[in-house]
Amino acid sequence: MAVKQKILIVDDDINIAELISLYLVKECFDTQIAADGEEAIQKFKEYNPNLILLDLMLPSMDGYDVCREIRKTSKVPIIMLSAKGEVFDKVLGLELGADDYMIKPFDSKELVARVKAVLRRFTPTLTQKETTEPEETGEFVSYPDLIINQTNYSVLYYGKTIEMPPKELELFYFLASHPNQVFTREQLLDHIWGYEYIGDTRTVDVHIKRLREKIKDHVSWKLSTVWAIGYKFEVIKR
């Protein structure tokens with residue numbers, strides 16, 4: 001019997017939370033509900049969910065603070081839920097480490113599809129175990145001091161495993177697999193997030209910023225900004 005994936009639903013509106021739970025249970029997920037930020041942190045530790053649906057407007061501790069707290073210790077996928085549709089709110093959520101952002105009200109089928117898509121992309125990496133032996137199976141690209149493997153969702157940088165959310169890794173892999181080719185933000189948004197993604201090109205900028213915080217310029221390669229156009233993975237010839 002397959003083990004059900006666990007979803008933690010964080011929303012102070014119990015009617016909405018129970019409705020979301022109903023949709024997910026029908027799709028064979030296991031769910032728990034937290035009604036505020038503090039309860040969400042506690043249940044996250046006890047329940048160990050595979051994914052968190054996190055409402056932004058919560059009593060005592062808002063969704064942004066919950067996301068910050070969880071990201072201190074975990075890369076569990078987080079989909080933020082909010083009635084706020086402003087670009088600033090979306091970008092802030094993504095900068096704090098959310099993997100997706102949905103605006104209320106949303107269609108139940110879309111919510112389930114987003115949950116499944118995020119879980120499908122997410123494969124935890126064993127960050128506690130550092131190794132100098134590169135994993136060179138499946139779909140991967142290799143450069144000096146860098147291996148990006150999209151099959152097992154791992155990044156090996158100077159012999160150490162770098163933890164990365166799925167979208168960051170997919171973006172990094174896509175650029176690195178097309179060396180010196182310039183892509184516009186729109187092209188990257190379409191390729192990585194898909195045509196159905198409801199967002200804007202700032203999403204790409206946020207993920208590039210995160211990548212640069214983890215992966216610094218190398219003498220042989222770097223993530224380059226092409227002014228007024230977009231980005232490229234630049235291979236430096238010497």
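Visitor: Leaving aside its neighbours within four places in sequence, which residues is Glu170 in contact with?
Guide: In this predicted model, Glu170 is in contact with Arg121, Gln150, Tyr153 and Ile192. Contact means heavy atoms within 4.5 Å.

Visitor: Where is the place of Glu170?
Guide: Glu170 belongs to helix H6, residues 166-176. Helices (H or I, at least four residues) and strands (E, at least two) are DSSP runs, numbered from the N terminus.

Visitor: What does the side chain of Glu170 make with the side chain of Tyr153?
Guide: The two side chains make a polar contact at 2.6 Å. A polar contact is a pair of N or O atoms within 3.5 Å; within protein, one must be able to donate a hydrogen and the other to accept it, and residues adjacent in sequence count only if both atoms are side-chain atoms. From C-alpha to C-alpha, Glu170 and Tyr153 are 8.4 Å apart in space, and they are 17 residues apart in sequence.

Visitor: Is Glu170 buried or exposed?
Guide: Glu170 counts as buried because its relative accessibility is 10%. Buried means under 20% relative accessible area, exposed over 50%, and partly exposed in between, with a 1.4 Å probe and protein chains only.

Visitor: And Asn149, where is that found?
Guide: Asn149 is in strand E7, residues 146-149. Asn149 is buried, with a relative accessible area of 0%. Its side chain reaches the backbone nitrogen of Thr151 at 2.8 Å.

Visitor: Changing topic, at what angle do H2 and H3 pack?
Guide: Helix H2 (residues 37-47) and helix H3 (residues 63-71) pack at about 25°, and their axes are 9 Å apart. That makes H2 roughly parallel to H3, a label for angles under 35 degrees, while over 145 is roughly antiparallel, 65 to 115 roughly perpendicular and the rest oblique. Axes are lines fitted to C-alpha atoms, for helices over the stretch in contact, and angles run from 0 to 180 degrees between N-to-C directions.

Visitor: Which residues meet there?
Guide: From H2, Gly37, Ala40, Ile41 and Phe44 meet Val66, Glu69 and Ile70 of H3.

Visitor: How many helices and strands are in the chain?
Guide: The chain has eight helices and twelve strands. Of its 238 residues, 48% are buried.

Visitor: How should I read the numbering and the values?
Guide: Residues are numbered from 1 along each chain as its sequence is written, and side-chain values use heavy atoms, with hydrogens and water left out. As this is a predicted model, local features need pLDDT of at least 70 and side-chain atom pairs count only at pLDDT 80 or more, while totals for chains, interfaces and linings use all residues.
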